Amino acid sequence: MKKNLDLEEMITHRELEGKRTSMTQRDASTQWHPYTQMKDFGIHLPVVSARGSRLFLEDGSFLIDAISSWWVNLYGHGNPIIKQRLTQQFDQLDHVLFAGFTHPPALELADRLLPLLPGMSRLFFSDNGSTAVEVALKMALQYFWNRGEVDRRVILAFENAYHGDTFGAMAAGGVGVFNQAFADMLPKVIRIPVPLSEDDPQTFEALEKIDLQTVAGFIYEPLVQGAGGMIRYDADGLSRVMSEVHHAGGWCIADEVMTGFGRLDTFFASEVIEEKPDIICLSKGLTGGVLPMAISAASERVYEGFLSNDRGKAFMHGHSFTANPMGCAAALAGLDLLNSGEIQRSRLSLIRQQADFARSVMDHPNVEECFSMGTLLVIRLKRNRSSEVYDEFRDRVYALALANQVLLRPLGNVLYAMPPYTSTTEDLKIMYKGIRAILNNIPID
């Protein structure tokens, strides 16, 4: 960075009012930002370009994008392979509606992606992770409505989950800051604790109290819960829950929006779980973080539940940009990259460096828990009182990271880092130095 931002200035951004630029002034008068109390936030940092893991600000300084811009940018900003594929696709076909039409990029993506998804045979396209979840929940519920099983109207989910911000996705998440304003308006969801072991009594005692014959679908984030606090849990315990849902006739929905495309130890987290899902939700890394696109992949059995002489039993969902050819082209370029020797080497290097750093700080006096899973690093900071996802303690950690050239978005007292696979050793040194500065300077209150 040309000049590190002063920590006290960065604590809440309020002190940056005197540093407004033309960009930030325009932003303050026209924009409404996500997950932000706009009344007192101050200014939003103006990013004018990005390359690799670096976000370049208007003043020429840079930040390390340690969270891949909300977990989406797997192959680095400005990746030339994705750019080339998008240019070629734009010259061929930029967009066509997907109702009544098809096109080569969608067909090629199905040919290449479906063999990687256990048990899936159909792709339903949408535009973001929340919508992929919304589609999956509607599939599960309408499947049984089509069959006349009117009592199967319940969705089963885990406590502390986060699946997105549309109504069905909100309902499937744990009640909290993301959905509390709508808690009395949401579809019916029953929640159970995540299994911390194969026979976790809390999970399975709660499961025994549920009439699984009323459950249309069980949705879960495989192996680790993301926005709910980066909570890892037991694969065998999850498989057992899935097995019981399947035995009772319900569908299992894997929300792999965060975990897909190599973020953990395998291409998809579902690979390491013995019981397999019936629907898989994908987004974020699907296009390498370049274009908004999502997929709800379904098994043939789910798909067949919508085949009928009654047109009212068709799956009536879609939007203008379904299977957008540019998005499909970006996803195809992403698969090329993910399977390339260069990306695999850099990804494995990132996995090793994340594990090494986790080991180096797990005994730090300010660390309550620290672990790595694939490319994900999680550090739970000690506190003397409970943390909220968006509280002042979290704001101070966020500010301290920015002051040390690192973009992190803590979840309460939980720090996590998921940088692009292409992050250089120098980028990671800056990131780790910034995290150490947080550990060494954040007060435990």
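Helices, with at least four residues, and strands, with at least two, are DSSP runs numbered from the N terminus. The exercises below apply these terms to a predicted model.

**Exercise 1. Where is Phe261 found, and is Phe261 buried or exposed?**

Solution. Begin with the chain segment: Phe261 is found in the loop between strand 10, residues 251-255, and strand 11, residues 279-282. Next, take the relative accessibility, which is 3% for Phe261. Because buried means under 20% relative accessible area, Phe261 counts as buried. Finally, look at the backbone, where Phe261 has a positive phi of about 60 degrees although it is not a glycine. As background, most residues other than glycine have a negative phi.

**Exercise 2. Which element holds Trp71, and what is the phi of Trp71?**

Solution. Trp71 is found in helix 3, which covers residues 68-71. The phi of Trp71 is positive, at about 75 degrees, although this residue is not a glycine. With a relative accessibility of 10%, Trp71 counts as buried.

**Exercise 3. Is Ser126 buried or exposed, and is Glu208 buried or exposed?**

Solution. Take Ser126, which lies in strand 4, residues 122-126. The relative accessible area of Ser126 is 1%, so this residue is buried. If the neighbours within four places in sequence are left aside, Ser126 is in contact with Thr131, Ala132, Met293, Ala294 and His319.

**Exercise 4. At what angle do helix 5 and helix 11 pack, and which residues make the contact?**

Solution. Helix 5 (residues 104-113) and helix 11 (residues 325-338) pack at an angle of about 35 degrees, and their axes are 9 Å apart. The handedness comes next, and this crossing is left-handed. On the side of helix 5 the contact is made by Pro105, Ala106, Glu108, Leu109, Arg112 and Leu113, and on the side of helix 11 by Pro325, Cys328, Ala329, Ala331, Leu332, Leu335 and Asp336. Sorting these residues by class gives 10 nonpolar, no polar and three charged residues.

**Exercise 5. How does helix 4 pass helix 11, and which residues meet there?**

Solution. Helix 4 (residues 80-92) packs with helix 11 at an angle of about 145 degrees, with the axes 9 Å apart, and the crossing is right-handed. Ile81, Ile82, Arg85, Leu86, Gln89 and Phe90 of helix 4 meet Pro325, Met326, Ala329, Ala330, Leu332, Ala333, Asp336 and Leu337 of helix 11. By class, this contact has 11 nonpolar, one polar and two charged residues.

**Exercise 6. Why is the chain described as being as compact as a globular protein of its length?**

Solution. Start with the elements, of which the chain has 14 helices and 16 strands. The radius of gyration is 22 Å, close to the 22 Å that the globule rule gives for 445 residues, and the chain is therefore as compact as a globular protein of that length. Along the principal axes, the C-alpha atoms fill a box of roughly 65 × 55 × 45 Å. Of the 445 residues, 55% count as buried. Among contacts with a separation of 6 or more, 72% are accounted for by residues 24 or more positions apart.

Definitions and conventions: Residues are numbered from 1 along each chain as its sequence is written. This is a predicted model: local features need pLDDT of at least 70, side-chain atom pairs count only at pLDDT 80 or more; totals for chains, interfaces and linings use all residues. Side-chain values use heavy atoms; hydrogens and water are left out. Axes are lines fitted to C-alpha atoms, for helices over the stretch in contact, and angles run from 0 to 180 degrees between N-to-C directions. A crossing is left-handed if the near helix is turned anticlockwise from the far one by less than a right angle, and right-handed if clockwise. Contact means heavy atoms within 4.5 Å. Ala, Val, Leu, Ile, Met, Phe, Trp, Tyr, Cys and Pro count as nonpolar, Asp, Glu, Lys and Arg as charged, and the others, Gly among them, as polar. The radius of gyration is taken over C-alpha atoms; the globule rule is 2.2 Å times the number of residues to the power 0.38. Buried means under 20% relative accessible area, exposed over 50%, partly exposed in between (1.4 Å probe, protein chains only).
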